[in-house]
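Q: I have this structure open and would like to go through it in pieces. Can we start with overall shape and then move to the contacts?

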Amino acid sequence: MTLPAAISKRLATRRGRVLRECAIEFMLFLAASLSVFTTLAIVYILVSESVAFFRHVPVIDFLTDTQWTPLFDDAHFGIMVLVSGTLVSSIVALALAVPMGTIIAIYLSEFSTPGIREFAKPLLELLAGIPTIVYGYFALLFVTPILQWLIPSLPGFNLLSAGLVMGIMIVPTVASLSEDAMRAVPAALREGSYAMGATRLQTALKVVTPAAFSGIAAAYILGISRAVGETMILAVAAGMQPNLTWNPMEPAATITSYIVQVALGDLPHGSIGYQTIFAAGLTLMLITLMFNILGHMLRRRYRESY
Amino acid sequence: MDAPRVREIRSVIARGKRWDVVFAIVGIVCLMIGLLTVAALFVDMAVKGLPRISLEFFTNFPSRRAESAGILSAWVGSTLVMVVTAVTAVPIGAAAGVYLEEYAPRNWMTDVIEINITNLAGVPSIVYGLLALGLFVYQFGLGQSVLAAGLTLALLILPVVIVATREAIRAIPAAMREGSYALGATQWQTVRYHILPYSMPGILTGVIIGLARAIGETAPIITIGALTFIAFLPSPPFQPEPPFLSFEWLFAPFTVMPIQMFNWTSRPEAAFQVNAAAAGFILVLMTLAMNGLAIWLRYRLRRNINW
């Protein structure tokens, strides 16, 4: 075969080649769109099971009832009972994680030597990877006894200990993401501030933090999402009895620990008890979504561009 | 300038510097509180759990008697679930990452996919459990099996793998692609022979971080209804007679390490809590080792690659 003949033969297979390229691109596209299908499936499952649930229970009762006893003969379905547990534990966690995480971020970004930063950042990332069940063990068998020694009236299961340990768990997330945001602030802003005679702390609080606020807000929102969605620490250390309370010293069930409690039992598929966990899951998703939208608005409001 | 004014300015400066020092100390204290708490957790578990760790602990099934209980079914279950997770999440995640970086046109569809991936990373893990309960367990009829659990965790870590793949691909200079195209390669040939091999270490880092997260996940697996007490093993994947391979284990009931630990933690007897400490210690060592490997890999890569 002469060279031109060989080339034209290769070019003749071009159609097959184009076809194969298209097929491969389509398969890659399918893989990427799996994420969209996942979201749609989550919404579909939660909504369809919840719709079945709300056929039995009016939405008004769901939102206003002050008892949550779905498995008793005298069944009540007041989701606020579980929401209160979720909110109280999250507030305790964030009251610890937000200030601590922010201070660590400012310290690492503006004060520490590069050596400390290089050492602390990977360590924080490692801590973020510890399984939450291990934190649950820690809350129940290490932190609760210490707290009981400080506050003798504290019961063995309580939201305080679970919330504090959740806070410790969230600190690395908040610190690491806030630090990334602060480091992304252009050096010229800091230099301008120092040139005006500001100290490090003044520069950090009055120049760097406002400039990085949209990134810091994103870190807070992720922290809130993690606190609201945290399950195992609460299932282990906060007790699982439903309790409408705003007092962190009491035991209480949360949305997530209720789902775990039901899943550990043996409820038949399609029963009302089975459907409650999807209604609870939908509530959880809506709370998370609310905070995410809030975060999105904050980010747009405070976005700085250079 | 007169002397009192100078003194005043000096005192203002001194006060500012004092606050700097105060804040630096507060920063170090916060960092130390965070690190020391976790150190306390680790030491506490090690002190309580280490005496319990022996060969029998790994080869015994869970038992009513705490002293003879072990984690055999738990670690075997964890391993099998991780195999399913890795086998599904790695190809799909890498393919999605390649699509978004190399193929995706700039249009609304791509935007939707990207926003979706970001949002999925923030969905609480227990919601994945509910999705799996409704979809895999009942709609697809997979039951409370290794397969259902593996697929659930694969969905959970998919965003991690996709983001890692995209970052690895983005670090490859355009000249690599241009060189490949100049030699007549098609887009897929460029991806297959250049983009994928160069980005492989980065993808691997993401996969390890994702699996380290998956191995510690408890909530979604409890939600699909995994049992907490399993005293048998799934049928082995390798058989002595043809066809040698068996996939029955995919449909077997199972338990995993974190669920075993949860079970022991929630018992009132102190002897079982010692078992929980031992299981927790092994679990933490495993996740720390995996995360440490990933961080080390990333560090090495950053240093060794000069395009």
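Q: What radius of gyration does chain B have, and what would a compact globule of 307 residues have?
A: In this predicted model, chain B has a radius of gyration of 26 Å, whereas a compact globule of 307 residues would be near 19 Å.

Q: What box do the C-alpha atoms of chain B fill?
A: Roughly 95 × 65 × 35 Å, taken along the principal axes.

Q: And how many helices and strands are in chain B?
A: Chain B has 11 helices and zero strands. Read from the N terminus, its elements go α-α-α-α-α-α-α-α-α-α-α.

Q: Now chain A. How many helices and strands there?
A: Chain A has 13 helices and zero strands.

Q: Is chain A compact or spread out?
A: Chain A is more spread out than a compact globule, because its radius of gyration of 26 Å is well over the 19 Å that the globule rule gives for 306 residues. Its C-alpha trace spans about 90 × 65 × 35 Å along the principal axes.

Q: Which domains does the assignment give for chain A?
A: Domain 1 covers 3-56 and domain 2 covers 79-302. The centres of the two domains of chain A, taken over C-alpha atoms, are 37 Å apart.

Q: How do H9(A) and H1(B) cross?
A: The axes of helix H9 of chain A (residues 200-211) and H1(B) come within 7 Å and cross at roughly 75°. That angle is why H9(A) counts as roughly perpendicular to H1(B).

Q: Which residues make that contact?
A: From H9(A), Arg200(A), Leu201(A) and Gln202(A) take part. From H1(B), the residues are Gly16(B), Trp19(B), Asp20(B) and Phe23(B).

Q: And by class?
A: The contact of H9(A) with H1(B) has three nonpolar, two polar and two charged residues.

Q: Last topic, confidence. What is the mean pLDDT of each chain?
A: Chain A has a mean pLDDT of 87, with 97% of its residues at 70 or more. Chain B averages 86, and 94% of its residues score at least 70.

Q: Which elements of chain A have the lowest and the highest mean pLDDT?
A: Helix H1 of chain A (residues 3-12) has the lowest, 70, and helix H4 of chain A (residues 79-111) has the highest, 93. Where pLDDT is low, the predicted coordinates should not be read in detail.

Q: What does the model score for ipTM and pTM?
A: The model scores ipTM 0.88 and pTM 0.88.

Conventions: Residues numbered from 1 in each chain as written. Chains lettered and ligands numbered in written order. Predicted model: local features only at pLDDT ≥ 70, side-chain atom pairs only at ≥ 80, totals over all residues. Domains from an automatic or database assignment. Axes fitted to C-alpha atoms, helices over the stretch in contact; angles between N-to-C directions. Helix = DSSP H or I, 4+ residues; strand = E, 2+ residues; numbered from the N terminus. Parallel < 35°, antiparallel > 145°, perpendicular 65-115°, else oblique. Contact = placed C-beta atoms within 7 Å. Nonpolar A, V, L, I, M, F, W, Y, C, P; charged D, E, K, R; others polar. pLDDT = per-residue confidence, 0-100. Rg over C-alpha atoms; globule rule 2.2 N^0.38 Å.
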